[in-house]
Amino acid sequence: MTLSRRVLRGGTGLLVTGALGLGGCSSAVEPAPISAASSPGAARQFAPGAPGVGDTYFPTYGNGGYDVDQYTVKVRYDPATDRLSGTTTLRAAATADLSTFNLDLAGLTVRSVTVDGAPAKHSRKGDELTVTPASGLIAGNGFVAEIAYEGEPEPLRNEATGVGGFLHTDDGAIALGQPESASTWFPVNDHPSDKASYDFEITVPDGLTAVSNGVLAGRNSVGGWTTWKWAERSPMASYLSTVVIGKFRLTEGEHKGRPVFHAVTTELPEGAADRSIAETVEVADYLESVFGPYPFEAYGGVVISDDRIRYALETQSRPVYSAGFFRAGSNTEVVAHELAHQWFGNSVSLARWQDIWLNEGLATYAEWLWTEHDGGRSAQRSFDARYAGSSGQVWRTPPGRPGVENLFSESVYQRGAMTVHALRVAVGDKAFFQILKAWTAQKRNDNATTAEFVALAERISKKQLDKLFDAWLHGTERPARPEPL
Ligand code: TRP
Ligand code: ZN
């Protein structure tokens, strides 16, 4: 029997009415696979969805058995009390016959869950929320889950990768982090392999701004509260979602028919930060000339000032920058880095965290390209400086399998960029830029792996590149200086 994807099933279930008997199960009991023997056709085995997608670096991230297509996150946050409350609705399709499925949710209290409008049982175990629908979900069928929840959000602290997620600030909040963040403020399939579109409706006290991803779809104020509506219509990995709440200097404009929305914290006097992010569209236009069309519907940047965040992050269509980047004056290199991620990381996303060099190596290489374009040192000289000056740690750590503890290490960024340059030297400029453009075109809004990148580079250059990539991505000593192949 063929069942079309994305078809929403009615509350009664197509094949399994009465056969599951899960309604009486305590949600604490792990339901064993149940065969729907009374249904017509082949017997179905309804089994619990896995509590992780099986990423070797982060086995519990994400969940098995379904694929989310769209999230609608409607939350109210009051900085005075640090309380968040609201609902998240997700439209998904089952990829297996499911008796239960999991969502990732850190902290917070779930008040109720419905699946296709019918009440569903739910239980929590650590950061895993298990939902037991009234009847099993059939592989290939769509379903809608709605989760109502509330509480005081807490960030996640990962020993290797630092703090991620929802942080309460003096007069607002910042939800930001990599490799995880989203599950601290909404229930989510928290792995980049399941990209989805997002609608955000964030309600905050009047006078505060709530900035998120994508296009500003409306703002309205009722009874002292303002709701900011944002829409990210291109598929987005969950760690690229953000909300930043506080007092900001806003700049709204348009570029190439797309909205531009910048926000700089009013804690900073107007200056280098404002000037740097104002160059977003100029940098994006340059990157478009080397990587292919800008992949998203909106442009922008957010500058925050919080001692706990000393990074920038490539949150989709609207990177967030720590004010520290602009302390010494204008800095468009960091803008080039975060914008390059819109192609490498955001449009073309990781299928597994081990391949992080595909994001960071290419984004760092984009800095080198931008610097050269902007009249600074050439990409070749940036390479030479790193090749001569990198530490033993960089040469010992293979960026192609850095390990969780070195996921954001210098090797991933700098040796990753050197790998890109080694490819360029080996295949020549013409093939190199063809490879980059073909990669962003063929994998647009998709997920990709290192093996696929190598295969594409070989196909376009018509050269054998295994040795080159092995040495640069997997070797534990400094590779030979690159030469044309
Ligand atoms: N990916 C970010 C960049 O290259 C850096 C980063 C890693 C980060 N982990 C983070 C930023 C956590 C914020 C929070 O720009
Ligand atoms: Zn980066």
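Trainee: Which residues surround ligand 1?

Mentor: G177, Q178, Y311, A312, L313, E314, H337, E338, H341, E360, F408 and Y413 surround ligand 1 (near means a heavy atom within 4 Å). This is a predicted model: local features need pLDDT of at least 70, side-chain atom pairs count only at pLDDT 80 or more, and totals for chains, interfaces and linings use all residues. Residues are numbered from 1 along each chain as its sequence is written, chains are lettered from A and ligands numbered from 1 in the order in which they are written, and side-chain values use heavy atoms, leaving out hydrogens and water.

Trainee: What makes the pair between Q178 and ligand 1 a polar contact?

Mentor: A polar contact is a pair of N or O atoms within 3.5 Å. A polar side-chain atom of Q178 lies 2.5 Å from a nitrogen atom of ligand 1, so the pair qualifies. Y413 also uses a polar side-chain atom, 2.8 Å from an oxygen atom of the ligand. A312 uses a polar backbone atom, 3.1 Å from an oxygen atom of ligand 1.

Trainee: Which residues coordinate the zinc ion (ligand 2)?

Mentor: H337 (NE2), H341 (NE2) and E360 (OE), at 1.9 to 2.0 Å. Donors are N, O and S atoms within 2.8 Å of the metal (3.2 Å for Na, K and Ca). In sequence the donor residues are spaced H-x3-H-x18-E. H337 and H341 both lie in helix α3 (residues 333-343), four residues apart, about one turn of the helix.

Trainee: Why is the arrangement around the zinc ion (ligand 2) called irregular?

Mentor: The four donor atoms subtend angles of 98 to 139 degrees. Four donors count as tetrahedral if all angles lie between 85 and 135 degrees.

Trainee: How do you know whether H337 and H341 are buried or exposed?

Mentor: Buried means under 20% relative accessible area, exposed over 50%, and partly exposed in between (1.4 Å probe, protein chains only). H337 has 5% and H341 has 0%, so both are buried.

Trainee: Where is V290, and is V290 buried or exposed?

Mentor: V290 is in helix α2 (residues 280-291). Its relative accessible area is 11%, so V290 is buried. Leaving aside neighbours within four places in sequence, V290 is in contact (heavy atoms within 4.5 Å) with F433, L436 and K437.

Terms used
Four donors count as tetrahedral if all angles lie between 85 and 135 degrees; four count as square planar and six as octahedral if opposite donors are over 155 degrees apart and all others between 65 and 115; anything else is irregular. Helices (H or I, at least four residues) and strands (E, at least two) are DSSP runs, numbered from the N terminus. A polar contact is a pair of N or O atoms within 3.5 Å; within protein, one must be able to donate a hydrogen and the other to accept it, and residues adjacent in sequence count only if both atoms are side-chain atoms.
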